[in-house]
Amino acid sequence: MDPQLWANLPPDLYPRILAHLPIRTLFRFRSVCKIWNTLPLNPTFIRLSAQIPTLKDSWLVMFSDNYYRTVSVFLPDQNKWFDFPISFLPSELYYVAGAGGLLCFHLTEANGASSMCVCNPLIKQWKKLPPLLCDFYGGLVGMVADSLSYQIVVRTKPARSDRFDFSNLKTEIYDSRTSCWRISGIPEDDFTSGQAVSNGVLYFLTWEARNGVYAYNMDQGLWETISAPRRHRFISPCLVECRGRLFMVGGFAKQQYKTLGIRVWELQQDRSEWELTDSMPSLLFDEFLTKSGSMYFICVGHKQQIYLINRGRPPRILRFDPETCLWQLVATDAPDVLHELFLLVSFTPTLNCLV
């Protein structure tokens, strides 16, 4: 590295070189000078970075407090955590979902009003979406995105209705291409547990074991019920996507509130049934849940693996490879304080994804 050579480098080449860096490295270099500090927010640089094929960063983002204000990022490839401030957002966020470098969330304001919002946390850009056609109900928020647009699905109830009935629940879809909401089909079940996206279809796992999975096709705008009943009682059931396949991860039990082990099942849509993939080894289960004193956990599909995290102090992280059926505890210093409703999201940071 000849200092004289690099000292004579034309200034207009610096952005072209920096655009090849991973997102995490680029943001670390912002402290070099004022110009580099503002570079990731520069529209010209954002367009430039979109044209350069690079290895995309992939993060596990954890919202650990009750209003999702405390955010930490885990880099599985480097086994490192770092804080990810989102102080530019208003307070009291709920029902966070993410796709394509964007996050969407439900915002409750000081005056009691509520709205759905979408943001790109990297460039600190966010906006409120137009008002929902009905009142937000909760329990179902999902997001699908591609390089040009995004869609958000939420569950709502009749506006200002004095008499509430589960049969009156609706789902509304927001499409960034039209900038408006529309009412879609109505799922039959009241609650859902976990969601996953595969090939443009948004899947929700129902609480009712007999009903299986709800699937919403964003392109066709249609709901479909996949009748794949669960055969066992599950604790903390999660639906995840991995390598284009859908898996259910859950603690199985013979009686309520007594987790005996953790199993992974794959959804066989052609047969409408769950097929057992693997069971967590008993010694690993004891280390992950029994010794931690925590019965509950959450999980998420991330790249080619499934990550599980418990609610112990400190929390433990475990990963599972569905291809090889390999289970492995991750030796890492996760944030020590987690709210009981903490959230884990697989996230691909992208500069050029605008809201």
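The following legends describe several close-up views of one predicted model.

Residues are numbered from 1 along each chain as its sequence is written. In this predicted model, local features need pLDDT of at least 70 and side-chain atom pairs count only at pLDDT 80 or more, while totals for chains, interfaces and linings use all residues; side-chain values use heavy atoms, with hydrogens and water left out.

**Figure 1. The chain as a whole contains 6 helices and 24 strands.** Helices (H or I, at least four residues) and strands (E, at least two) are DSSP runs, numbered from the N terminus. Of the 355 residues in the chain, 48% are buried; buried means under 20% relative accessible area, exposed means over 50%, and partly exposed lies in between (1.4 Å probe, protein chains only). The chain exposes about 18,200 Å², of which carbon and sulfur atoms supply 51%. These areas come from the Shrake-Rupley method with a 1.4 Å probe, and for residues only the protein chains shown count as cover.

**Figure 2. The largest nonpolar core has 30 residues.** A nonpolar core is a set of buried Ala, Val, Leu, Ile, Met, Phe, Trp, Tyr and Cys residues joined through side-chain atoms within 4.5 Å. The members that touch the most other members are Trp-59, Phe-63, Phe-84, Phe-105 and Leu-351. Elements that each supply at least two residues of this core include helix H3 (23-28), helix H5 (43-51), strand S1 (59-63) and strand S24 (343-347). Another core, of 19 residues, lies apart from it, and Cys-238, Ile-262, Met-280 and Ile-306 are among its members.

**Figure 3. Leu-351 is in contact with residues from several parts of the sequence, including Ile-23, Phe-45 and Asn-120.** Contact means heavy atoms within 4.5 Å. Leaving aside neighbours within four places in sequence, the contacts of Leu-351 also include Leu-26, Phe-27, Pro-40, Ile-46, Ser-49, Leu-122 and Ile-123.

**Figure 4. Strands S20, S21, S22 and S23 form an open sheet in that order, with antiparallel pairing.** Two strands pair if DSSP finds at least two bridges between them. Strand S20 (297-302) and strand S23 (326-330) each have a single partner strand, so one side of each is left without a neighbour in the sheet. Neighbouring strands of this sheet are turned by 20 degrees against each other on average, direction ignored. Strand S20 is joined to strand S21 (residues 305-310) by 6 bridges, and Phe-297 has Asn-310 in S21 as its bridge partner. Helix H6 (residues 282-290) packs on the sheet, touching S20, S21, strand S22 (317-321) and S23, and the direction of the helix makes about 35 degrees with that of S23. Axes are lines fitted to C-alpha atoms, for helices over the stretch in contact, and angles run from 0 to 180 degrees between N-to-C directions. In the loop between S20 and S21 is Lys-303, which has a positive phi of about 60 degrees although it is not a glycine. Lys-303 is partly exposed, at 41% relative accessibility.

**Figure 5. A further open sheet of 4 strands has the order S8-S9-S10-S11.** Its pairing is antiparallel. At the edges are strand S8 (135-145) and strand S11 (180-183), each of which pairs on one side only. Neighbouring strands of this sheet are turned by 25 degrees against each other on average, direction ignored. Between strand S9 (residues 150-157) and strand S10 (residues 170-175) there are 6 bridges, and Gln-151 stands opposite Asp-175 in S10.

**Figure 6. Strand S14 (residues 213-217) has 4 of its 5 residues buried.** Strand S13 (residues 201-206) pairs with S14 in the antiparallel sense over 5 bridges, and Phe-204 stands opposite Tyr-214 in S14. Strand S15 (residues 222-226) and S14 also pair in the antiparallel sense, over 5 bridges, with Tyr-216 opposite Trp-223 in S15. The hairpin of S14 and S15 has 4 residues between the strands, and Gly-221 there takes a positive phi near 70 degrees.

**Figure 7. Cys-117 and Cys-119 are buried cysteines.** A search of the whole structure finds 0 disulfides, a disulfide being a pair of cysteine sulfur atoms within 2.5 Å. For Cys-117, the nearest cysteine sulfur is that of Cys-119, 8.7 Å away. Cys-117 has a relative accessible area of 0%, and Cys-119 has a relative accessibility of 1%.
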